[in-house]
Amino acid sequence: MEISDENFRVWAEQNEVYFDGVFRLAGPDAYAPIYSLISGLLHDGHKQVTFNLTGLEFLNSSGINLLAKLTIEARKMGDLLLIVKGTHQYPWQAKSLPNLKKLHPLLDLRLA
């Protein structure tokens, strides 16, 4: 499944979710379809799920909150390994993504 508009695109391939573009949606309700897509993937019985954010140029505070909620959801599942791939190319990722480890200490954060 894919969710997109002219500024962004998010899609899942097997157990990896890709985020691409600029996410400036207006609040949690606007992010609800993305939450549903990813939450469904988390509950599909995979041993690991990867959030690939390397193409994500910008994420507003509502989007960061979405990542936080999904990280907590993954932590509650116990045996699910959550991998988050980011890049130093976008400074916000190096600043914000390490905070996800505070929510889920076993999260595997990979900044390239």
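1. Helix H1 (residues 28–42) lies across S1, strand S2 (8–13), S3 and S4, and runs at about 165° to S3. Helix H2 (residues 61–76) lies across S3, S4 and strand S5 (81–86), at about 170° to S4. Axes are lines fitted to C-alpha atoms, for helices over the stretch in contact; angles run from 0 to 180 degrees between N-to-C directions. Contact means heavy atoms within 4.5 Å.

2. Basis. This is a predicted model, in which local features need pLDDT of at least 70 and side-chain atom pairs count only at pLDDT 80 or more, while totals for chains, interfaces and linings use all residues. Residues are numbered from 1 along each chain as its sequence is written, and side-chain values use heavy atoms, with hydrogens and water left out.

3. Chain layout. The protein chain has 4 helices and 6 strands. Helices (H or I, at least four residues) and strands (E, at least two) are DSSP runs, numbered from the N terminus. Along the sequence the pattern reads β-β-β-α-β-α-β-α-α-β.

4. Sheet. The 6 strands form an open sheet, ordered S1-S2-S3-S4-S5-S6, with mixed pairing. Strand S1 (2–4) and strand S6 (108–111) are the edge strands, and each pairs on one side only. Neighbouring strands are turned by 10° against each other on average, direction ignored. Two strands pair if DSSP finds at least two bridges between them.

5. The S3–S4 pair. Strand S3 (residues 16–23) and strand S4 (residues 48–59) run parallel, joined by 7 bridges. Within this pairing, Glu16 stands opposite Thr50 in S4.

6. Overall dimensions. A compact globule of 112 residues would have a radius of gyration near 13 Å; the protein chain has 13 Å, so the two agree. That radius is taken over C-alpha atoms, and the globule rule is 2.2 Å times the number of residues to the power 0.38. The C-alpha trace spans about 35 × 30 × 25 Å along its principal axes.

7. Burial and surface. Of the 112 residues, 44% count as buried. Buried means under 20% relative accessible area, exposed over 50%, and partly exposed in between (1.4 Å probe, protein chains only). The chain exposes about 6,000 Å², and carbon and sulfur atoms supply 51% of it. Areas come from the Shrake-Rupley method with a 1.4 Å probe; for residues, only the protein chains shown count as cover. Among contacts between residues at least 6 apart in sequence, 68% join residues at least 24 apart.

8. His104. This residue is found in the loop between helix H4 (100–103) and S6. His104 is buried, with a relative accessible area of 5%. Leaving aside neighbours within four places in sequence, His104 is in contact with Thr71, Ala74, Arg75, Leu80 and Leu82.

9. Gln14. Check the backbone here. Phi of Gln14 is near 55°, a positive value in a residue other than glycine. Gln14 is found in the loop between S2 and S3. At 73% relative accessibility, Gln14 counts as exposed.

10. Ala12. This residue is found in strand S2 and is partly exposed, at 24% relative accessible area. Beyond neighbours within four places in sequence, Ala12 is in contact with Met1, Val17 and Leu41. Ala12 and Leu37 are 25 residues apart in sequence and 8.2 Å apart in space, C-alpha to C-alpha.

11. Annotation. UniProt lists residues 22–84 for "domain: STAS" in an unreviewed entry. Such annotations may be inferred rather than shown by experiment; positions are given in the numbering used here, and feature names are shortened. The span is 49% helix and 29% strand, and its end C-alpha atoms lie 18 Å apart.
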